[in-house]
Amino acid sequence: MTCPRCNSEDTRVMVKSPVGDEWEVYVCNTCYYSWRSTETPDVHDVFKLKPEDIPNLQVIPPVPPLDK
Amino acid sequence: MAKVYEGLREFLQTLEEEGQLVRIKDEVMPEPDIGAAGRAAANMKGNAPAILFEKIKGYKGKVVTNVHGSWANHALMMGMQKDATTKEQFFELNRRWDKYPVEPEVVAREDAPCKENVVDENINLFEVLPLYRINDQDGGFFISKASVVSGEPDDPENLDKMNVGTYRIQVKDVDRIGIQALAMHDIAVQLEQAERKNEKLRVAIALGNDPIITFMASTPIAHDQSEYKFAGALRDGVPVKLVKADKAEHLYVPASAEVILEGYIEPRVRECEGPFGEFPGSYSGARNQCVVKIDHITHRTDPIFENLYLGIPWTEIDYLMALNTSVPLYKQIKEGFPELVALNAMYMHGHVAIISTKCRYGGYGKGIAFRLLSTPHGMPYTKVVIVVDEYVDPFNLEQVMWAIASRVKPDKDVAIIPNCPGMPLDPSSNPAGMHTKMIIDATTPVAPEPNPRSVELLEPPVGTEKWEEILRDLMK
């Protein structure tokens, strides 16, 4: 299964519906995008990610230096 | 003494009795139904109801949304009549604000409904919370109305520095969530202390609370002021009931919460989070943000998941940053300028603000606008200030427009101040964090400013107030 946002193949089933066999939720192990089997994800181009760009996203809040 | 609520359930009962809550008994889909109904409720404005979904496909529990999402519900939260005007609610909030601090009451674990059920093995958030996507382009399922409790690592026993704040939360796994802690937020100060020592920061996330606690969690107050003690003040002096968290003895949580998620922020870890539809009515993109591991859950039996819709204003979130933005600014300006009558800073967390004041001398309107623009919140957030006379209700936009239409001479009454601080989330701030300020002085000129065409204002006919009362009663 391919991630609809970053095209990574490293995805998995996060959870199945607690009641009945109604749906599953999938998650991408690379960008953490998640979606339900009852949805048809249509990620707009502006929100698509390349896996190699993720480490360069802004870091919030910045990680402080360790105390010496 | 105003009516107060010991938890979400009591408040929902009052909302229902007052015709301010509707139940959806038919089964709904998590997407898009819950988000769409939240948007639809927001479109109703004035007396939009809370919506309680009783059956959601594939889930056990219920969801309630739009609990704070109208002026009627906001008034009932404060124990006022549901037709109380915004201005009346503003002044009531001002009155109660001065009761700070009210010490909370700590109850025993067995007296706290939030401890009725415990989950500390095989944690699965989906078993407890019917999670769903709020807006189509959100990067996952978000918890948008949590009260996140955290302590000060360098001063853990200090209740005043214990923080209760609302931060957006993205569900990343059955026991793992992302959380947004912007550098300007109190939790980021605490996180920095922990991360400098490479230590976990314990958090307790309270969902489904007394509506005043949720209201205070989204109110900007000083780092060493207690949200819980303020909640007691806004409950008109009635203390909030708290109980110790199970895994972090120094943290206190609302005893009547529907659900408490306990866990810790993993030190020095950041992971991809977002996008998320945010309060300025647009998405904020993907960033690398903090992660919380959930290791303990307590909840009431049959918990109700309270969450909010946010979109192009106004939606429920705007009611949670309206009067609680206006009141602190009013208090700060009133200290030096007793002529100030009221202040409306309800638009996008104070980006546009309206000041009603009596003018003591010429140029007073502009001067008081500068005072607003130099308050700690107003300096970055407020970019447009409208100043009106003391008899204009700043919460009545028709009156404000009348004041601008009839009082403003643009060449002398409009001032543009370039190169000032701005709020980065405002998409018109460029570079993010810088902005221009505009003052529109719609007050009547007073000496020594010349007023060459003075006017005689119309007065309401004798008996108007009596007739207002008659008409109100007939409408009940």
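User: Which residues does B:V253 touch, not counting residues up to four places away in sequence?

Analyst: Two residues are in contact if their C-beta atoms, placed from the backbone, lie within 7 Å. By that rule B:V253 touches B:C114, B:V149, B:A204, B:A206, B:L242, B:V243, B:A245 and B:I260. A word on the source: this is a predicted model, where local features need pLDDT of at least 70 and side-chain atom pairs count only at pLDDT 80 or more, while totals for chains, interfaces and linings use all residues. Residues are numbered from 1 along each chain as its sequence is written, and chains are lettered from A in the order in which they are written.

User: Which residues have the most contacts inside the largest nonpolar core?

Analyst: In soluble globular proteins, nonpolar side chains tend to be buried together. A residue is buried if 20 or more other C-beta atoms lie within 10 Å of its own, exposed if 12 or fewer, and partly exposed in between. A nonpolar core joins buried Ala, Val, Leu, Ile, Met, Phe, Trp, Tyr and Cys residues through C-beta atoms within 7 Å. Here the largest core has 148 residues, and B:A204, B:V253, B:I260 and B:I355 have the most contacts inside it. Its largest share, six residues, comes from strand β11 (residues 201-207) of chain B.

User: How many residues of helix α8 of chain B are buried?

Analyst: Eight of the eight residues of α8 (227-234) are buried. They pack against α4 (86-97), β8 (163-165), α7 (211-217) and β12 of chain B. After the helix comes B:D236, with a positive phi near 60 degrees.

User: And which residues of helix α13 of chain B are buried, and which exposed?

Analyst: In α13 (residues 397-407), B:V400, B:A403 and B:R407 are buried. Seen down the helix axis, these residues fall within an arc of 60 degrees (taken from the directions from the axis to the C-beta atoms), so they line one face of α13(B). The face turned away carries the exposed B:L397, B:E398, B:M401, B:A405 and B:S406.

Technical notes
Helix = DSSP H or I, 4+ residues; strand = E, 2+ residues; numbered from the N terminus.
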